[in-house]
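Work through the exercises below with the structure in view. Try each task before reading its solution.

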Amino acid sequence: MPPLSLTYPRPDIAVLTLDRPEKLNALSFELVEALHSTLDDIHRNNECRVVVLTGAGRGFCSGLDLSDPNPSEAGGGLEFPRSGMRWQERIAELTTRIQNLRQPVIAAVNGPAYGGGFAIALAADIRIAGPGARFCTQFIKLGIGGCDIGVSYTLPRIVGAGQAFDLILTARTVAADEALRLGLVSRLSADDVVADALAIAETLCSYGKFGVESTKQVLWANLEAPSLQAALHVENRSQILAASAQIDLAAKAFGDR
């Protein structure tokens with residue numbers, strides 16, 4: 001059975017489901033490779049405008065599959081530690097794949113998001129949590145460094161440095177209500193977290209195509225802006241390009257009459 005499913009409830013919205021429920025959707029070599037391939041396909045899909053990312057069963061993603069922490073396929077036949085570095089980099093690249101996707105990604109966190117699963121959720125543009133959502137960095141509990149798969153970059157930017165140091169060093173578990181208070185998620189779902197994510201996706205699809213894509217790009221770019229003036233330069237150019245796109249659409253619509 002494939003470890004990942006991709007459905008389109010409508011042509012402009014993709015639902016990407018981590019599908020290893022018996023393992024709480026832990027990241028195996030097959031799942032990581034399927035994610036890379038599917039994210040590439042979505043990026044090239046010009047009809048798709050928003051992605052909802054979730055997990056099958058009662059978990060979002062429990063992190064690395066510890067039954068095979070260093071799969072031979074991932075190392076390309078190299079010896080350790082070179083093979084381990086290849087595998088480490090391949091998992092970590094998922095965060096930049098999600099961030100660089102043209103489409104906004106909504107993480108519908110339906111259950112535990114631990115370790116690598118937490119990192120993947122943090123890479124999304126919007127996070128909403130169901131009643132069973134739980135978040136934990138996990139890494140330091142395994143005897144390795146607490147900073148892995150991008151969390152030392154993404155988490156401080158989402159919740160602030162103080163809270164991030166606490167969550168990463170202690171690896172304590174955060175439930176949905178606290179996640180909302182910390183700003184780790186922006187909304188709570190009372191029942192069906194995927195349905196609520198789809199409602200957000202539909203709202204985004206009602207806005208201009210170029211406007212939504214460029215907004216995601218500007219938001220991520222300006223997290224690195226060295227000054228307000230630099231951020232304004234990026235915003236100004238994006239706004240003019242978006243306005244030009246709207247003018248072109250209006251002219252085409254008028255010409256079709």
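**Exercise 1.** Decide whether L182 is buried, partly exposed or exposed.

Solution. Start with the cut-offs: buried means under 20% relative accessible area, exposed over 50%, and partly exposed in between (1.4 Å probe, protein chains only). L182 has 16% relative accessibility, so L182 counts as buried. Helices (H or I, at least four residues) and strands (E, at least two) are DSSP runs, numbered from the N terminus. Now list the contacts, meaning heavy atoms within 4.5 Å. Leaving out residues up to four places away in sequence, L182 touches V159, Q163, L167 and V174.

The model is predicted: local features need pLDDT of at least 70, side-chain atom pairs count only at pLDDT 80 or more, and totals for chains, interfaces and linings use all residues. Residues are numbered from 1 along each chain as its sequence is written, and side-chain values use heavy atoms, with hydrogens and water left out.

**Exercise 2.** Find where Q138 and I149 lie, and give the phi of each.

Solution. Recall the background: most residues other than glycine have a negative phi, and most peptide bonds are trans. Q138 lies in the loop between β7 (134–136) and α4 (151–159). Its phi is positive, about 75 degrees. I149 is in the loop between β7 and α4, with a positive phi near 55 degrees. Check accessibility last. Q138 is partly exposed at 22%, whereas I149 is buried at 10%.

**Exercise 3.** Which residues does the cis peptide bond join?

Solution. The cis bond joins F80 and P81, with omega about 10 degrees. P81 is in the loop between β3 (50–55) and α2 (82–100).
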